[in-house]
Amino acid sequence: MRTTDLVTAFAPGLLASGVEWMIAGGEQSNTVMVFDLTKPPPFVPAKEFAVGGKPWDPVFSRDGKLAYFSLFADSAIAEVDLAAGKVTRQLARGLANPYDVIMSRDGKTLFVVNQNLATPLKPGESAHAAMP
């Protein structure tokens, strides 16, 4: 992991196990990183696993077991099981370069912002460079 790879904000949450976690997406590594905040700094990932598509803007489900990441380059949303360390499903219908995800207070609705870029990104290219 390179520190320059962490381009998304983290989302602190409490998993069912009672451990405080922080999650981040790696735009260039195409991975999700899970950090255990009960450990002293410097923080290193307790888990890191592939999700694809330049993951950004994580948000926890209400129970803290799942997280949702926008996959900018794949024009999809990844639903991630944090305990299992894997993508459980991808939501892609009607999305075009999503880059912000917000969960409703009741946890029933996921709001997604699309950027709708006309040209796809090249491998290794930062999505930030394509932003207006």
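Me: Which residue takes a positive phi in the hairpin of β9 and β10?
Reply: Gly 107 does, with a phi near 75 degrees, and the hairpin has six residues between its strands. Strands here are DSSP runs of E with at least two residues, helices are H or I runs of at least four, and both are numbered from the N terminus. This is a predicted model, where local features need pLDDT of at least 70 and side-chain atom pairs count only at pLDDT 80 or more, while totals for chains, interfaces and linings use all residues. Residues are numbered from 1 along each chain as its sequence is written, and side-chain values use heavy atoms, with hydrogens and water left out.

Me: How many bridges join β9 to β10?
Reply: Five, between residues 98–103 and 110–114, and the two strands run antiparallel. Strands pair if DSSP finds at least two bridges between them. Pro 98 stands opposite Asn 114 in β10.

Me: And Lys 108, buried or exposed?
Reply: Lys 108 counts as exposed, at 72% relative accessibility. The cut-offs are under 20% relative accessible area for buried, over 50% for exposed and partly exposed in between, with a 1.4 Å probe and protein chains only. Lys 108 sits in the loop between β9 and β10. Its C-alpha atom is 9.1 Å from that of Arg 62, which is 46 residues away along the chain.

Me: Switching topic: what's the overall pattern of the protein chain?
Reply: It reads β-β-β-β-β-β-β-β-β-β-α, so to speak ten strands and one helix. Of the 132 residues, 40% are buried.

Me: What strand order does the open sheet have?
Reply: The order is β5-β6-β7-β8, four strands with antiparallel pairing. β5 and β8 (86–91) are at the edges with a single partner strand each, so one side of each has no neighbour in the sheet. On average, neighbouring strands of this sheet are turned by 25 degrees against each other, direction ignored. The axes are lines fitted to C-alpha atoms, for helices over the stretch in contact, and angles run from 0 to 180 degrees between N-to-C directions.

Me: Which residue is opposite Pro 55?
Reply: Leu 71 in β6. β5 and β6 are joined by four bridges and run antiparallel.

Me: How many aromatic pairs does the structure hold?
Reply: One. Trp 56 and Phe 72 are stacked, 5.0 Å centre to centre with 20 degrees between the planes. Rings of Phe, Tyr and Trp (its six-membered ring) pair if their centres lie within 6.5 Å; planes under 30 degrees apart are stacked, over 60 edge-to-face and the rest tilted.

Me: Where do Trp 56 and Phe 72 lie?
Reply: Trp 56 is in strand β5 (residues 55–60) and Phe 72 in the loop between β6 and β7, so the pair ties together parts that are 16 residues apart in sequence. Trp 56 is buried at 4% relative accessible area, and Phe 72 is buried at 0%.

Me: Last one: which residues have the most contacts inside the largest nonpolar core?
Reply: Ile 23, Val 34, Val 80 and Leu 82, in a core of 14 residues. A nonpolar core is a set of buried Ala, Val, Leu, Ile, Met, Phe, Trp, Tyr and Cys residues joined through side-chain atoms within 4.5 Å. The elements giving two or more residues to this core are β2 (20–26), β3 (31–36), β6 (66–71) and β7 (76–81). Another core, of six residues, lies apart from it and includes Tyr 68 and Leu 95.

Me: What does Val 34 touch?
Reply: Among others, Trp 21, Pro 45, Phe 49 and Leu 82, not counting residues up to four places away in sequence. Contact means heavy atoms within 4.5 Å.
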